[in-house]
Amino acid sequence: MSLDLQNPKLVEKKFKVIGSRVPRPDGIDKVTGRARYGADFTMPGQLIGLVLRSPHAHAKIEKIDTSKAEKLSGVKAVITSADLPDLTKGDRMMLDLLENSMARGKALYDGHAVAAVAAIDLPTARKALKLIEVKYKLLPHVTDVDEALMPDAPIVHPHIITEGISSAPMKPTNWNKACEYGHGDVDAGFKEADHIFSRSFKTEQSHQGYIEPHSVSASVSPDGTAEMWVCTQGHFVYRNQCAQLLGMDASKLRVTSSEIGGGFGGKTHLWAEPLALALSRKANRPVKLTMTRDEVFRATGPTSSTSIDVKIGVKKDGTITAAFAELRYQSGCFPGNWAEVGAMTAFACYDLKNVKTIGKDVITNRPKTAAYRAPSAPMAAFAVENVIDEAAKAIGMNPVDFRIKNAAHQGTKSSYGPVYGPIGIGPTLEAAKNHPHMKAPLGKNQGRGMACGFWFNFGGQTCVDLNVTPDGKVTVAQGTVDVGGSRASIAMAVAEEMGINYEDVRSVIPDTSALGHNDMTDGSRGTFSTSMAAIYAARNAITVLRERAAKTWDIPLDEVEWKDGAAHAKGAGHGNRTPLSLADLARKAGRTGGPIAGHAETVADNAGVSFATHIADIEVDPETGRSQIKRYTVIQDAGKAMHPSYVEGQYQGGAAQGIGWALNEEYVYGKDGRLQNAGFLDYRIPVCSDLPFIDTQILEIPNPNHPYGVRGVGETSIVPPLAAVSIAMTNATGVRQTHLPMSPPRVLKSLKGKK
Amino acid sequence: MQFAQPSSVKEAVTLLVKEKGNSYILAGGTDLLVKMKSGSVEPDLIVDIKGIKGLGEIKKTASGFLIGAAVPCAALAENAALAKAWPGVVEGASLIGSKQVQGRCTIAGNLCNASPAADSVPALIAAGAKAVVVGPKATRKMAIEDVAIGVGRNALKKGEIISGIELPKKLPRSGDAYLRFIPRTEMDIAVVSCAINLTLDAKGAITKARVVLGAVAITALLVKGAAKAIIGSKLDAATLDKLAAVCSAACKPIDDKRGTKEFRVEVAGVLARRVAKIAYARAGGKI
Amino acid sequence: MGVHVHTTVNGDAVEFACGEGEVLLDVLRNRLGLTGAKEGCGTGDCGACSVMLDGRLVCSCLVLGAEVGGKKIETIEGMADGMKLHPLQQAFIDHAALQCGVCTPGFLIAAKALLAKKPDPTEEEIRFGLAGNLCRCTGYDKIVRAVQHAAKEMRG
Amino acid sequence: MSTRHEIHLWGALRPLAGGALSIFVEADTIREMFAVVGEKYPGMVGQIEQGIAVSINGKIYRDQWDVELPQSAEIYLMPRLAGG
């Protein structure tokens with residue numbers, strides 16, 4: 001495809017469809033109960049799969065006896081790690097995935113799978129699990145990030161030696177990776193400072209908390225072909241990874257993504273899918289494996305708990321002379337690079353002469369962590385923004401003005417290295433400063449906090465296939481899973497580009513056999529990169545349509561232009577020809593060269609970084625520590641909001657998740673290393689009555705790297721809330737809040753400290 | 001597993017007596033079914049009592065109210081007379097779970113489940129309510145505070161079922177109230193709770209009082225000392241301080257995922273003050 | 001063993017056999033093919049499986065199939081009137097009150113039950129009326145607005 | 001003759017380059033750059049295979065290896081991050 005078609009600079013200035021609030025194509029199915037999610041699918045002759053999980057935080061598996069279970073009538077397959085040989089050829093990350101889906105000799109956390117069964121029904125499968133005898137030898141465990149770094153801490157993996165430090169220690173450790181970012185000379189910078197502020201912070205582990213538990217239906221045939229129906233943020237990635245782990249050809253494993261009941265990063269990662277395939281392969285029957293809510297909390301991928309130290313040096317005039325942070329991130333029972341991301345994002349909002357961040361990734365006996373919406377950034381922002389707020393107040397500056405004074409801008413050398421191009425933090429801060437929310441009066445026991453957040457957005461590989469049907473309508477098949485309404489945006493982009501009605505475009509997500517590889521819906525890439533590919537596919541289809549019109553009229557291609565959904569002849573001689581509509585050209589396609597289609601296979605890099613500023617009002621009951629969010633405002637740049645309702649929805653959803661994390665959501669582990677609150681009763685996500693309306697302000701600073709100026713919006717909205725809410729609580733209570741979540745017992749204790 | 005829907009209490013009792021294995025009574029089922037799902041209970045017999053005539057009704061009797069064992073908590077709030085007479089009892093019952101759970105759960109079930117945090121129990125104890133217990137040989141009445149004997153353990157004998165809860169007539173110049181502490185606004189289990197029922201004399205001085213704390217010991221606590229602390233008073237500031245202190249001192253809580261000991265001890269006192277004021281106002285007192 | 005049950009679902013007489021311990025949610029989904037009610041938790045904490053049982057809002061994961069003989073069950077599949085969506089369903093689409101949509105059937109059933117009791121609810125009454133239904137995508141903002149809009153429309 | 005560029009390394013790569021903060025490479029595209037880096041520092045090949053993001057004058061590329069390296073461009077190697 002020619003480059004000019006793919007030139008993002010071809011920006012449509014006046015939009016007809018983009019920016020309107022059309023009904024989503026999956027709306028009616030979802031309000032009538034017709035939409036099919038992971039667990040709503042049934043295969044003929046399907047068996048029910050169940051997983052036996054370790055009740056221990058850390059234990060050697062000395063023996064697994066499955067014979068009794070195998071003998072039980074109705075049981076068709078029982079598997080252990082012996083049925084999942086290591087085919088990863090030294091790819092440690094893939095082996096970790098495999099070992100996480102089924103323990104290999106050692107149970108690494110409470111909930112780690114040790115065996116699985118497939119039986120004719122649920123009661124039989126439950127009986128079978130009880131018949132599996134596992135002999136464990138308990139090992140000492142560690143679940144706290146700081147305790148895991150102690151010299152005498154139990155070691156989770158004997159093979160792990162700290163990566164990334166020049167003088168690598170020789171003995172095994174739970175500190176799997178070190179990293180460092182920054183520039184300038186922080187020591188000199190602190191010497192220049194009139195005031196130095198430093199604090200330590202902790203955040204507890206939180207879960208994405210999607211309402212739909214993971215569910216997969218797998219059918220493996222003896223000829224090596226297989227099908228999988230699964231709720232995932234990326235069916236192509238699941239296909240590639242499952243094929244590698246089970247020794248199948250990716251081409252023979254056909255994966256369909258169901259409607260997905262929330263993911264937020266938690267469904268970017270394989271969990272029980274390899275087990276479903278292995279069970280089906282062994283039983284030679286389709287197997288459906290659906291997690292319980294308890295399994296979702298114990299055995300999928302929450303985000304890191306953290307321990308963070310921040311130090312900032314400030315001049316009387318408000319200039320930050322130096323900034324330092326050490327960030328320790330708990331990545332669960334396998335290596336992660338979450339501290340690295342925290343270290344990169346921590347100070348990304350600011351223009352700093354001297355900055356240094358150190359990241360330490362730490363392994364514990366907790367579930368393997370996964371991405372959670374702008375992974376790692378919210379905790380780092382919580383720690384940094386609190387010290388920024390403290391510094392501003394201490395030198396008598398308004399926290400907004402203090403941030404504006406030190407905000408990063410075009411030409412700023414970012415704290416993670418590169419120099420920024422045009423960026424949007426300034427506008428969000430100015431908008432916050434002028435927002436009526438900032439001037440609204442506060443009541444008794446109420447406090448207000450504001451905070452900034454940064455996130456890298458991603459682009460990645462996308463495959464789109466656009467077909468014109470013989471009646472002149474259009475189907476657009478995209479490989480990017482729709483997690484929150486992107487099918488609507490993609491249809492809008494196609495309608496806009498082709499000059500046709502939104503209603504005439506059918507937007508679908510086919511299975512992995514119908515398109516080339518497509519990255520998953522993560523990194524806020526879904527609408528950004530898929531709409532880009534859809535626009536390019538439409539432009540290619542338009543070229544074909546112009547060719548067909550030229551052929552029909554027997555005039556040169558360059559004398560045919562496409563506008564308002566029809567081919568128009570231009571230039572002397574045939575300016576008076578009646579335009580050929582999409583329907584005209586489609587009906588005659590057979591006689592002008594066959595079906596009409598447009599394709600795009602793209603890599604959309606350079607998605608452009610994203611910034612947001614949030615304002616939170618909170619009211620606290622000083623006698624009990626209980627709090628309630630009274631007002632909340634999200635200000636974020638969307639580049640161009642293709643469907644404003646769903647952009648607002650992303651802002652509001654991210655804010656609500658952040659509020660829950662700030663106030664009540666946390667993994668509670670007992671001394672025995674077991675998760676105490678693996679359910680929605682005691683893992684407390686916000687309910688409807690916990691929240692106010694969440695105001696949003698969409699800024700539209702066109703993204704130069706997208707044909708319509710679109711910027712990803714999915715993740716950044718969860719970055720500022722932890723900071724904004726904790727600063728509001730600090731202002732309401734007069735005590736700096738340094739430990740999240742700010743559950744009533746923690747807040748009440750902090751108030752005691754004050755007295 | 002057997003599932004039975006008897007049409008009389010007598011029939012239900014006979015079924016329970018006959019069953020050799022684990023038998024469970026199904027009223028609302030909002031606790032039983034959760035335990036079955038987790039595998040922590042595996043019944044051999046489930047006796048659904050919702051089909052038994054009369055058990056689904058709230059009756060106004062000469063001595064007060066009789067609330068059938070199968071009456072869903074949502075129905076309590078819908079009964080104007082009951083809500084007027086015992087607002088605290090109705091508040092407690094109305095706080096169990098969500099609207100969805102309200103449509104199923106029962107106060108008799110909440111009582112038999114014997115959770116220290118049961119929302120409907122403290123107010124029933126404060127009100128001096130009694131459980132009507134039907135057994136193979138006889139029918140007896142038990143004070144609510146005697147039903148739960150430990151976490152998840154109740155005093156019912158083999159074959160006994162609670163057919164209903166009796167609430168006394170509301171005395172003149174009396175009022176009751178219930179408050180619980182939860183981190184969210186809804187959907188949580190009480191971290192601490194308190195119910196108070198009190199009666200005033202013509203001058204507004206407290207003549208009778210029952211003060212009950214929930215979730216601060218293995219069962220709900222009837223704190224006699226707390227009642228003493230407020231009887232004779234008009235709930236002046238000093239009395240409220242005393243009440244709070246006695247309540248905090250009475251707590252024997254644990255640290256768990258829902259709260260710490262020190263938090264429960266302190267908040268028990270805070271709630272007691274707040275509940276006392278509401279009950280006092282409902283009794284017609286003025287602070 | 002198993003029990004044989006005659007009941008009414010969305011106005012249709014149906015009969016099914018199920019296990020003594022089998023919950024209504026599994027009966028609806030696996031035996032009657034009505035997968036609109038979802039299992040989000042199985043413990044009555046998320047409301048995704050909400051249905052009406054003899055006019056009361058319940059979690060179908062906390063009801064035994066064996067219990068529902070002779071009762072009236074209403075599910076999301078029965079909410080629209082033929083081709084015509086219920087005002088709540090239309091409002092959820094118009095107000096973008098769903099993202100992933102998995103909690104939507106439960107919210108619609110609960111919202112309908114709320115409006116049957118309170119045709120003109122305050123924002124607070126809506127928020128507490130829907131507190132038994134968890135949504136992780138929307139922050140509830142657009143859900144509450146959709147219910148306010150539908151309530152107004154239904155009052156005429 | 002390809003242009004000489006200074007390539008800044010992030011922390012985790014420095015030990016693989018003998019502790020250097022940056023290295024000098026003659027290349028005109030990201031692909032050429034990685035080829036040279038792989039030869040000079042075999043220890044980095046694994047990382048390059050797993051994926052490295054390249055920031056060129058502040059624009060971050062993860063997959064587009066055809067992108068050209070402009071004269072005296074500011075080039076940073078960064079970890080290839082995952083999002084939610």
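This is a predicted model: local features need pLDDT of at least 70, side-chain atom pairs count only at pLDDT 80 or more; totals for chains, interfaces and linings use all residues.
Let me start with chain A, which is divided into domain 1 (3-35 + 459-604), domain 2 (39-139 + 213-299) and domain 3 (376-409 + 431-449 + 610-754), with bounds that come from an automatic or database domain assignment. Between domain 1 and domain 3 of chain A, the contact takes 21 residues from domain 1 and 22 residues from domain 3, where two residues are in contact if their C-beta atoms, placed from the backbone, lie within 7 Å. On the domain 1 side, the elements that give two or more residues are helix H15 (486-498) and helix H16 (526-553) of chain A, and H16(A) provides the largest share, 6 residues. Helices here (H or I, at least four residues) and strands (E, at least two) are DSSP runs, numbered from the N terminus. That side of domain 1 of chain A divides into 10 nonpolar, 8 polar and 3 charged residues, counting Ala, Val, Leu, Ile, Met, Phe, Trp, Tyr, Cys and Pro as nonpolar, Asp, Glu, Lys and Arg as charged, and the others, Gly among them, as polar.

Still in chain A, the buried residues of helix H3 (residues 92-101) are Leu97(A), Leu98(A), Glu99(A), Asn100(A) and Ser101(A), a residue being buried if 20 or more other C-beta atoms, placed from the backbone, lie within 10 Å of its own. These buried residues of H3(A) pack against strand E5 (113-119), helix H7 (235-246) and helix H8 (273-283) of chain A.

Turning to the contacts between chains, chains A and C share the most contacts of the 4 pairs of chains that touch, with 42 residues of chain C in contact with 42 residues of chain A. On the chain C side, helices H2 (87-94), H3 (104-117), H4 (123-129) and H5 (141-155) of chain C each supply at least two residues, and by class that side has 22 nonpolar, 12 polar and 8 charged residues.

The contact between chains A and D takes 36 residues from chain A and 23 residues from chain D, and strand E7(A) gives the most to the chain A side, with 4 residues. Chain D does not touch chain B, their nearest C-alpha atoms being 27 Å apart, and no contact joins chain D and chain C, whose closest C-alpha atoms lie 14 Å apart.

Within chain C, the assignment gives domain 1 (3-76) and domain 2 (87-155), with C-alpha centres 22 Å apart. Here 13 residues of domain 1 of chain C are in contact with 11 residues of domain 2 of chain C, and strand E3 (residues 50-53) of chain C gives the largest share of the domain 1 side, 3 residues.

Finally, chain B has 11 helices and 14 strands, and buried residues make up 56% of its 287 residues.

Note on methods: Residues are numbered from 1 along each chain as its sequence is written. Chains are lettered from A and ligands numbered from 1 in the order in which they are written. A residue is buried if 20 or more other C-beta atoms lie within 10 Å of its own, exposed if 12 or fewer, and partly exposed in between; C-beta atoms are placed from the backbone.
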